[in-house]
Every structure is written in C-alpha cells, then in structure tokens.
Amino acid sequence: MKKLILVTILAFITGCISAPTATPENYYTLQSINSESLSNNTISIGVESPNIPAYLDKSQIIIEDKDASILQINEKERWIEPFGKLLERTITNDFYTYLPNAIISNPLINPEKTDYNISIQINKLGGPLNGTLTLDSIYTIQNNKTKNTYQKRVILNEKCGPTYLEFTNTVSKLVNDMVKQIASVIAK
C-alpha cells in the first residue's frame, strides 16, 4: 500500500514537472494618437456608446482572412477588456484630444441637455494581418442648439503589418481618423 502511494505521488510530481507550460496571453489596448486641437471652445457633448457588431465585442482579437470570408479568433491575442468598452473609452479620449475644453458625457448616463449628441454605428472594423484594415461607420451629430442633424458614412482604409501589435496600432489610427472627422464638423 505504501509503495502504491509513493508511486502515485512520484507520478504526480513527475507529471507536474514535465507538463508543458502554456503560452502566455498577450493583451492589447487602443491608443489615442496625439493630434492637434481643432477647437478650444467649451462645449458639451453627449457621446453614446458605439454600436458595434456582436462578434467584435469580445476580448479576443478578431482577424479576417484576405478574402474577408473567414474570421480567426486567437485565444492568446486579446484586448485588455471587451472591445466595445475599449472602443468607447478610446473615442472619448480622442474627442478630448481634438476638443480639449469639451465636457463629454454619455447621454444615457448623464441626461442633462448637451450642445451636441453623437451616435456612432460601426458596420465593420478589421481585416487581415499584413493587409488592409477597414473602418466602415455611420455617425450622427445632433446639434441641440439649432435642432439640426448631420449624418455621414465614413469608410477608412489603412495598411497593417504582420503582427498583432501593428494590427492594434492600425485600429487605433482608424478610430482616431474617424473621431477627427466628427470633431471637425463640431468645431466649425
């Protein structure tokens, strides 16, 4: 009986020592790109959470093949948080870059009347590694002073390198370019 216990313990220890180590996961975030201010006016902006396709709102980074017909999910390459929350935070930070004196809130959380309300519908955001990434979005700006509504579809393309870091940097640039277009309309 003692020999059986000793053999079992030895087998367990040997198994633990020789077990392969898991490849560590890599976590990525989006970066606000430092850019010029478009207006120093003090305005209040309500920015709704961006509406994104459900398949993108995950922690795993989604990559397309060259034909955009197959999506690849790599369990080891992840966003630091679900993509929708990360995108919302990055859009807000980008607005502060272009409109540094703006007071920005989520109109659903802070229902106070704002000068502008912005909603963003992301139709596509992604592409293949070492290919072209696409941001296809529709944004709506409601000017609460004049009661005018402005809506525009934006399709942006940007070359991406072969690594996930280059992928996330390219996504950051696309989001920044979209926010710059929106901020330019407000700054007029």
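Entry 1: I am working with a predicted model here. With that cut-off in hand I went to strand β7, residues 132–143, and found 9 of its 12 residues buried, so I wrote it down as mostly covered. For the chain as a whole, I noted 188 residues, of which 41% count as buried.

**Entry 2: the layout.** I stepped back to see what β7 belongs to. I counted 3 helices and 8 strands in the chain. Reading from the N terminus, I got the order α-β-β-β-β-α-β-β-β-β-α.

**Entry 3: neighbours of β7.** Which strands does β7 pair with, and how do they run? I looked at β6 (residues 116–126) and found it antiparallel to β7, with 10 bridges joining the two. I picked out Asn 117, which sits opposite Gln 142 of β7. Then I looked at β8, residues 148–159, which also runs antiparallel to β7 and is joined to it by 12 bridges. Here I noted Asn 143, whose bridge partner in β8 is Asn 148.

**Entry 4: the turns.** I checked how the chain gets from strand to strand. β6 and β7 make a hairpin with 5 residues between them. In that turn I found Gly 127 with a positive phi of about 155 degrees. β7 and β8 make a hairpin as well, with 4 residues between them. There I marked Lys 147, whose phi is positive at about 65 degrees.

**Entry 5: a space inside.** I searched for cavities of 30 Å³ or more and got 1. What lines it? I listed Leu 56, Gln 60, Ile 61, Ile 62, Trp 79, Phe 83, Leu 125, Phe 167 and Val 171. Sorted by class, I had 8 nonpolar residues, 1 polar and no charged ones. Which element gives the most to this lining? I found that β3 does, with 3 residues. Both β3 (60–64) and α3 (164–187) supply at least two lining residues each.

**Entry 6: contacts and surface.** Last, I looked at the chain as a whole again. Among contacts with a separation of 6 or more, I noted that 69% come from residues 24 or more positions apart.

Technical notes
Residues are numbered from 1 along each chain as its sequence is written. This is a predicted model: local features need pLDDT of at least 70, side-chain atom pairs count only at pLDDT 80 or more; totals for chains, interfaces and linings use all residues. Side-chain values use heavy atoms; hydrogens and water are left out. Buried means under 20% relative accessible area, exposed over 50%, partly exposed in between (1.4 Å probe, protein chains only). Contact means heavy atoms within 4.5 Å. Two strands pair if DSSP finds at least two bridges between them. On a 1 Å grid over the protein atoms alone, a cavity is a set of points where a 1.4 Å probe fits but cannot get out, and a pocket is an open set with protein on both sides within 12 Å along at least five of seven lines; lining residues have an atom within 4 Å of a point. Grid points are joined across faces, edges and corners, and a volume is the space filled by probe spheres set on the points. Ala, Val, Leu, Ile, Met, Phe, Trp, Tyr, Cys and Pro count as nonpolar, Asp, Glu, Lys and Arg as charged, and the others, Gly among them, as polar.
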